[in-house]
Amino acid sequence: MGTSEKIYFYPLWLRIWHAFNALGILTLIITGISMQSSFETAIIGFNTVVNLHNIAGILVFISYLLFFTGNLVTGNGKYYLMKIKGFFKNLTKQGTYYAWGMFHGQKSPFPLSEKRKFNPLQKISYLLVMYFAVPIVIITGIALLFPEIIIDQTWGLSGVFLTAILHSTMGFLISIFLIIHLYIASVGKSPLDNYKAIISGWHHL
Ligand code: HEM
């Protein structure tokens, strides 16, 4: 494949963030679900699961700082900016392609290039996950680690309870994102192409 057909989309710092983040979030989802079900075996007690969840949470928090700063100081942040113009039209176009067009030999409506790393649906979902869901899950997670900083009562409900609800709701949304993310990442030149790209940094057009 010639050099003109591949783009260096994922610089090293981004790949490091993504690897720690993926590992951390997978651990958080597994331990999080297991805490909800009070899962316990002779080997992995409830306390071990809680400790694992806390450690993975701190890992995701630290790697989020890398993601956030990296996007501020390098050109990668520009790929997350959305235009209001044509917002719904473009999302519908991409949605129709994923649901119908790509199974009928149509060309991608938003082919990727140096200027466009994400199609509109990828962009909105990455934006919501990385600048809304993950920050909320981190902030509520830190609060739950230090519950004494949480306000006692609002609307007659315990602050810790409300924080925990918000924390697990966002965790649930991130889990749904991850399932869709894994599927959509397999839509490429060949099913493994994008997975190779997030490891090597090079995206093949
Ligand atoms: C086993 C877990 C995961 C795998 C195999 C995976 C795979 C991939 C692949 C193949 C890409 C590049 C292609 C694309 O942009 O679609 C990518 C990019 C991305 N992933 Fe994941 N992912 C995983 C977990 C996650 C998680 C948990 C999050 C966030 C909570 C996440 C957020 C992102 C973001 C924001 C990008 C774009 C980064 C950029 O180019 O600026 N991924 N992932």
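A residue counts as buried if 20 or more other C-beta atoms lie within 10 Å of its own, as exposed if 12 or fewer do, and as partly exposed in between. Keep that cut-off at hand for these exercises on a predicted model.

**Exercise 1. Describe the overall architecture of the protein.**

Step 1: Take the inventory, which is six helices and four strands.

Step 2: Along the sequence they read β-α-α-α-α-β-β-α-α-β.

Step 3: Along the principal axes, the C-alpha atoms fill a box of roughly 55 × 40 × 35 Å.

Step 4: Of the 205 residues, 14% are buried. Among contacts between residues at least 6 apart in sequence, 68% join residues at least 24 apart.

**Exercise 2. Work out which residues and elements form the largest nonpolar core.**

Step 1: List the members. The nine residues are Ile 25, Leu 28, Ala 56, Val 60, Val 129, Val 134, Val 137, Met 170 and Ile 174.

Step 2: Assign them to elements. Helix 1, helix 2 (46-73), helix 4 and helix 5 each give two or more residues to this core. Helix 4 has the largest share, with three residues.

Step 3: Zoom in on one member. Not counting residues up to four places away in sequence, Leu 28 touches His 53, Ala 56, Gly 57, Val 60 and Gly 171.

**Exercise 3. Characterise the shell around the ligand.**

Step 1: Find the residues. The ligand is surrounded by 24 of them, and the closest are Ala 22, Ile 25, Ala 185, Asn 194 and Ile 198.

Step 2: Trace the helices. At least two shell residues come from each of helix 1 (12-36), helix 4 (120-145), helix 5 (159-185) and helix 6 (193-200). Helix 1 gives the most, six residues.

Step 3: Sort by class. The shell holds 17 nonpolar, six polar and one charged residues.

Step 4: Connect with Exercise 3. Ile 25 is among the closest residues to the ligand, and Ile 25 also belongs to the largest nonpolar core.

Note on methods: Residues numbered from 1 in each chain as written. Predicted model: local features only at pLDDT ≥ 70, side-chain atom pairs only at ≥ 80, totals over all residues. Near = placed C-beta within 6 Å. Nonpolar A, V, L, I, M, F, W, Y, C, P; charged D, E, K, R; others polar. Core = buried A, V, L, I, M, F, W, Y, C linked by C-beta atoms within 7 Å. Contact = placed C-beta atoms within 7 Å.
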